[in-house]
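Reader: I have this one open for the first time. Can you walk me through it?

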Amino acid sequence: RAIAFFVFVLSFLMLILLSTYKASVEEKFKEAPAAGSQERGEVSCMGIINEIILDYKFWRFMIFSFVIVGSKMVFSLLFFMIPKMITQQDGENAPFGLYVSIAPLLIIFFLLFLAPVQAKYPPYDLILIGTTIATFGPIPMFFGMNMIDFFLFIIIVSFAEALYAPMINVFTFNFTKEGREGTFLTLTAAPVYFTMALTGIMGGYLLENYYPAVEDSTHKRQPQYIWLTIIVCSGASTLTLFLGKDYFNVKEDVPAERSQ
């Protein structure tokens, strides 16, 4: 009930903020319409969808989005599996909320120091480095299920997430078509939900078979298989991204008159 009340209060405050918004403020920041914007604005919804679907860059990014799911699952499984495993390890009164809350705070901290690096180096290179670090994140968990190993795992995964996750948004704009950025980003959000679904399926299977609440003759706690599975999935994604660097790293089209 306390959680529901807290969510209600936040939602009510957001409604108050939205009710005070004035659309007239946007007029001060509007830019002059670019050439051809009128023609693009007159295209129907189906025309916009057909235009994006027929764009080869869109399909390349869709493939990229599904390939990187393996690496993104490392961070997703942190929130899905760690609370359950801590509860089963240390009891119902274990402070699993503390473990989970540390990750977002660490990401904010790391972002402050990684901003200069992210501004200097190409997004795709940072994505490769970040996914590689995330792949090796579960390694401390092979040495035991204790507080120190949990913290090391969270620190490594949080650093990797802070390094490459913002670069995915930057890298997305290499695929977008002028005037279709909003529609493109909306459609490419689908793999995010695919990650959530896959995380639930895989996490549930791994917990049930390799870290059950009650051990028996057929189901014993073998967390090393959980971490190995996560490493293999993330490693496969990272290797595919590395081998497909020339395919995914699309360069902007150069006009014919400029190339001559």
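This is a predicted model: local features need pLDDT of at least 70, side-chain atom pairs count only at pLDDT 80 or more; totals for chains, interfaces and linings use all residues.

Reader: Where does UniProt place the feature "transmembrane region"?
Author: The record, an unreviewed entry, places it at residues 6-23, 61-82, 94-114, 126-144, 150-172, 184-205 and 225-243.

Reader: How much of residues 126-144 is helix?
Author: That span is 53% helix and 0% strand, with its end C-alpha atoms 30 Å apart.

Reader: How many helices and strands are in the chain?
Author: The chain has 13 helices and zero strands.

Reader: Take helix α11. What should its residues span?
Author: Helix α11 covers residues 223-243, which is 21 residues, and at 1.5 Å a residue these should span 30 Å. The end C-alpha atoms of α11 are 30 Å apart, so the two values agree.

Reader: And which residues are buried in α11?
Author: Pro223, Ile226, Trp227, Ile230, Ile231, Ser234, Ser237, Thr238 and Leu241. They sit on the same side of α11, because the arc they cover around the axis is only 130°.

Reader: What share of the chain is buried?
Author: Of the 260 residues in the chain, 36% are buried.

Reader: Contacts next. Among those between residues at least 6 apart in sequence, how many join residues at least 24 apart?
Author: 80% of them.

Reader: Changing topic: how many aromatic pairs are there?
Author: A search of the whole structure finds eleven. One of them is Phe61 with Phe64, a tilted pair at 5.6 Å centre to centre and 35° between the planes.

Reader: Where do Phe61 and Phe64 lie?
Author: Both are in helix α4, residues 56-67, and they are three residues apart, about one turn of the helix. Phe61 and Phe64 are both buried. Phe64 also forms a tilted aromatic pair with Tyr124, at 6.3 Å centre to centre and 40° between the planes.

Reader: What does the pair of Phe64 and Tyr124 tie together?
Author: Phe64 belongs to helix α4 and Tyr124 to helix α7 (residues 123-135), so the pair ties together parts that are 60 residues apart in sequence. Tyr124 is buried, as is Phe64.

Reader: Which residues form the aromatic cluster with them?
Author: Phe61, Phe64, Tyr124, Phe171, Tyr247 and Phe248 form one aromatic cluster.

Key. Residues are numbered from 1 along each chain as its sequence is written. Side-chain values use heavy atoms; hydrogens and water are left out. UniProt positions are given in the numbering used here, feature names are shortened, and annotations may be inferred rather than shown by experiment. Helices (H or I, at least four residues) and strands (E, at least two) are DSSP runs, numbered from the N terminus. The expected span of a helix is 1.5 Å times one less than its number of residues. Buried means under 20% relative accessible area, exposed over 50%, partly exposed in between (1.4 Å probe, protein chains only). The arc is that of the directions from the helix axis to the C-beta atoms. Contact means heavy atoms within 4.5 Å. Rings of Phe, Tyr and Trp (its six-membered ring) pair if their centres lie within 6.5 Å; planes under 30 degrees apart count as stacked, over 60 as edge-to-face and the rest as tilted.
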